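Please consult the sequence and the structure shown here before reading on.

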Amino acid sequence: MDNNKTTYNRRSFLKASVLSGGGMLLTVSWLSSFKSADKVEALNLPEQWASLNGYIHITPDNKVKLICPNPEFGQNVMTSLPMMLAEELDVDWKNVTVEMGPHDHAKLGAQFTGGSNSVRMYWKPLREAGAAARQMLREAAAQTWNVPVSEVMTKAGVLSHSSGKSAKYGDMASKAATVPVPKDLKLKAPKDFTIVRKPTKNVEAHKIVSGQPLFGLDYHVDGMLIAMIQHPPAFGMKLKSFDAVQTLKMPGVKDVFSLKLYEDGFEQGGFDTRTFNELLVVVGNTTWEVMNARKKLVANWEPAGDVKDTMAGRGGKREVIVPGGLESTTSQLEKMQEYAKKPAQQLRKDGDPETAFRNAAQVIERTYNAPFLAHNCMEPMNFFAHVTEEKALLAGPLQAPGWTEPTLVKLLGLPADKIEIQMTRMGGGFGRRAYGHYLSEAALISRKVKAPVKLMYTREDDMTYGIYRPMYTATYRAALDSDKNLIAFHVKGGGIPEHAIHANRFPAGAVDNYLAEGWQIASNITIGAFRAPRSNFNAAAEQSFLDEVAEAAGKDPIEFRLELLKKAKENPVGKNNEYDADRYAGVLQLVRKKSNWGKPGNEKYSRGVAAYFCHNSYAAHVVDIVTRDGEPYVEQVFSAMDCGIVVNPDAATNMVQGAVVDGIGNAFYGALTHRDGAAQQTNFSNYRMIRINEAPKRIEVHFVQNDLDPTGLGEPPFPPVFGAVANALYKNKGRRFYNQPFQPDFKNNLRDS
Amino acid sequence: MTTLSLKINGKTKKVDVDPSTPLLWVLRDHLDMRGTKFGCGVAACGACTVHLDGNAVRSCQLPVSAVGRSSVTTIEGLSEKGDHPVQKAWIEHDVAQCGYCQSGQIMSAAALLIARPNPSDADIETHMSGNICRCGTYMRIREAVRSAAKK
């Protein structure tokens, strides 16, 4: 497998400088390229990743401050990334403090949180940064003591020599900053790790539990105004006119105006998605005053009609028509059924699937559907902006400041070095905060009112705005011969406005005759990356389908998958198979063992299994359902993961458990539906979220032990949860579940257990 | 505008606000206490949970005029150094992911332990089910509440 390797083409330069007041600041800068098979596929990532930097500050009083380059949204990078630095620097973790870095594209590189890439992309550079600093400290000590550098040892922030000499890092830091930066660095072997692989508490934990104002919504400066946007009541509508007379009479109101976000012809990047371009804005002194004043707006809306957007792209700009009209879920479903019958784009073909299906002893065909989902980050979208003629300061929750900055440059007409974006802790992200429209909106509002402004979305604004997980469907067909062997596999997937098919993933490569096709229907309902984009539907549908095929073949579902994976390894079909069959099989074997699959003792449970590979890691779950108060309840889950080296085991376990809960919640309840263009779910009172009494009693997480370079965990455990839940529901209810969310269908009992 | 005198975290605070303003926004916008979070505005998520005379209430739906002489406790006042048994248990069990809902979770848990120092698992589920954690840290929340109850 070579298509998911990370390669750093390093043309490196390192800089060290003496901190004012003594000490050492090591700036390590690499120009690196980051290549991966799923680069553009996953989140439309730029092909060329920018230069990457690490910051290490050591002061004479032996304090070590490490800078986290990537935004934090709960994946715990503020702990895991500095752990990698500290490992090679060889310091006592107790003496380390961590700070979120500034947004500095030139010095700190991509600074992008998404695609489960933070740990993966920083693994090598941050350890090299730590190793370089340690080497320079040893050099400084060798010069001071007049001994060969090879004889200078380090341990937990202390330099020593066999003669008895010793010094703390802080004592040598100023001198070390003058030492030439080493060219060759030897990194620790995994067996020598003392910080990496050790369960380490969240460095922000105390701040979180004591309610410190860490989040964007907590950001405050004196004289700051509050802004809210009234967006149209439905997708496909736009502002026609408004009357602000009553609003302006309300206490605390400063201004009411409409504002255009992008001028005609504005070239949108992949993450400039916005649902509404004409903004109706209310600005005032306090949140409650603005909320009340906004209710007094008299706004007239009209159909937006077809809208022409200009998209920037590598092949030059192109025009895209966003269709007008007020869509409803029922008509969307009908339209999808109609499109599913039409010819689609062929994404991959192996062998001769047509003939194989024609000659099959048995053909199984099933269709799966899933609705739009809202991200529902607990902290609604918001951003602070203070824009003047000369410069702009922005602060708030954002996954990819480096992608929004160029947009601000264009919108504000300011050079990038006059735009400062501060990355606050995010109250969740899940992909939603990769889309910086709310930051651009805040910036334009601040410029208009000539004051520092906090733009905030209410929950209703946030949930009804769009940028949802797309609405998906897929029809799967499997052909079995008379010996019940799987001889052909066909998937035809569609979606509004895009399909979910990953044509080169399992079971591609394991079936002689294979066909993958895709189609899509344009829509004015905007979509965005949602925790494991596309995979989150694929794993649900495909893993549920494979369960049914295994049953038809008379095989245990794990054994059935393992046989296919054996074939994919020993005799792979076709090219570009994205997964490593051994690692895929590895998580299935591990979850089989840990869950006592197929062994006595689990009779009380309806068990379902599923596995998936995405975002460079492998995941398998066994979900155990019981009937509680007449409804299926996931009581326990066993999870097996292969993400290579587990940097921080406790946090990794937390992440997997959270993904399992999120998966159960969305599989059972998640749905954003529309009627005449309007979102029918507007708040947590009618968008059902999983709660503590619905969460499993136990989620046991196991990791495959190996020394492979680490990959991410934010996304990979999430998608197969849906499939495992569906398969366990089948055992519980005696019938298959094809349409998400599942819970509304529980009452339609055929054979209740 | 009305001038109100509020007892918050053991201190008396005077605010000059529209009496219909929810306590949440008085705390956040007028008193610079932003540990209490806004999540939904309709008392459906629990992010804004504070104590009113030791009981958990959703401050987004409580008009400040209704507070009267009751004592308000917020996350900032739960303990002086962030070392209330519930806060310590939250750190011990490494509960938080994004952390945004956790002030509300902690305030709900602390109120539960005032009312029932030894809660059953069913008590924990019932009492904590008004607090959404989008990151799904519920198992750890349960463990942390159980462990705080033993302290």
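In chain A, helix α14 (residues 535-552) and helix α18 (residues 719-733) pack at an angle of about 35°, their axes lying 7 Å apart. The model is predicted: local features need pLDDT of at least 70, side-chain atom pairs count only at pLDDT 80 or more, and totals for chains, interfaces and linings use all residues. Residues are numbered from 1 along each chain as its sequence is written, with chains lettered from A and ligands numbered from 1 in the order in which they are written.

**Helices α14(A) and α18(A)**
- α14(A) passes α18(A) in a right-handed crossing (the near helix is turned clockwise from the far one by less than a right angle; left-handed if anticlockwise).
- Residues in this contact include A:Ala540 and A:Gln543 of α14(A) and A:Phe722 and A:Gly723 of α18(A) (C-beta atoms, placed from the backbone, within 7 Å).

**Helices α15(A) and α16(A)**
- The axes of α15 (residues 557-570) and α16 (residues 581-594) of chain A come within 9 Å and cross at roughly 160°.
- α15(A) is therefore roughly antiparallel to α16(A) (angles over 145 degrees).
- The crossing of α15(A) past α16(A) is left-handed.
- Among the residues that meet are A:Leu562 and A:Leu565 in α15(A) and A:Tyr584 and A:Leu588 in α16(A).

**Chain B against chain A**
- On chain B, 44 residues are in contact with 46 residues of chain A.
- The largest share of the chain B side that touches chain A comes from α5(B), with 5 residues.

Notes
Two residues are in contact if their C-beta atoms, placed from the backbone, lie within 7 Å. Helices (H or I, at least four residues) and strands (E, at least two) are DSSP runs, numbered from the N terminus. Axes are lines fitted to C-alpha atoms, for helices over the stretch in contact, and angles run from 0 to 180 degrees between N-to-C directions. Angles under 35 degrees count as roughly parallel, over 145 as roughly antiparallel, 65 to 115 as roughly perpendicular and the rest as oblique.
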